[in-house]
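Open the model in your viewer and keep the selection tool at hand. The stops below go from the surface to the rings inside.

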Amino acid sequence: MENSLIINIGRQFGSGGLLVARALGDKLDIPVYDHELIEKAAEESGFSRDLFAKNDEKRSVLSLTGYFDTSRFGQADNYLGDNQLFTLQSHVIRTIAESGPAIFIGRCSDYVLRDMDCLDVFITSPKEVRVRRVAERMGISPEEAASLIKKKDRTRENYYNYYTFGHWGVASNYDLCVDSSILGIDGTADLIIDFGRRTGLIKGDMR
């Protein structure tokens with residue numbers, strides 16, 4: 001694979017977006033970044049992982065107490081805004097993208113890398129499919145799963161729309177929107193690869 005291949009995956013909660021991304025990573029032999037971005041952002045910034053994890057794809061203003069590594073950076077202000085967290089994480093995304101092929105999950109990576117040649121994909125599924133998947137995965141009732149899906153999607157939408165000035169999940173923001181329930185996880189990954197080859201962004205053979 002060429003070193004320039006970057007795929008950005010947006011996804012509805014429970015749509016199997018992470019599973020599709022992992023299938024893509026296996027088929028294309030390139031790394032997938034999801035919670036790994038949190039680890040790298042924390043490492044580079046000197047803040048603890050918990051600070052990023054608790055505010056992943058959310059907007060908030062945070063007290064630094066218990067999060068800041070004062071031995072590395074000295075005294076800090078009492079609060080860290082979500083804009084600063086977004087900037088730190090965006091820096092990590094760009095650094096990774098500039099160093100080699102990668103698949104990024106969410107976190108406005110399509111916007112952060114908008115000046116680079118990327119394949120931007122949004123993964124969706126019917127609500128009933130997502131409810132069933134979330135309920136089975138988390139061991140909760142369908143009603144609880146439906147409520148969680150609504151909350152998670154709203155949070156992701158607010159986060160994306162705020163930082164990108166765009167519209168989360170709207171087809172015009174992406175190169176390809178796919179219902180993963182039609183072809184399944186593996187078939188959806190194959191479809192994305194075929195689409196990427198047709199666009200010229202994916203070159204060469206899969207391993």
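Patches are made of residues with over 30% relative accessible area and no salt bridge, with like charges joined within 9 Å and nonpolar side chains (Val, Leu, Ile, Met, Phe, Trp, Tyr) within 5 Å. A salt bridge is a side-chain nitrogen of Lys or Arg within 4 Å of a carboxyl oxygen of Asp or Glu. Accessible areas follow the Shrake-Rupley method with a 1.4 Å probe, and for residues only the protein chains shown count as cover.

This is a predicted model: local features need pLDDT of at least 70, side-chain atom pairs count only at pLDDT 80 or more, and totals for chains, interfaces and linings use all residues. Residues are numbered from 1 along each chain as its sequence is written, and side-chain values use heavy atoms, leaving out hydrogens and water.

Select Ile182, Leu183 and Leu191: they make a nonpolar surface patch of about 290 Å². Leu191 belongs to helix H9 (residues 180-199); helices are DSSP runs of H or I with at least four residues, numbered from the N terminus.

Next, select Phe86 and Tyr159. Their rings form an edge-to-face pair, 6.1 Å centre to centre with 70° between the planes (rings of Phe, Tyr and Trp, its six-membered ring, pair if their centres lie within 6.5 Å; planes under 30 degrees apart count as stacked, over 60 as edge-to-face, the rest as tilted). Phe86 lies in helix H5 (residues 82-99) and Tyr159 in helix H8 (residues 142-164), so the pair ties together parts 73 residues apart in sequence.

Definitions and conventions. Helices (H or I, at least four residues) and strands (E, at least two) are DSSP runs, numbered from the N terminus.
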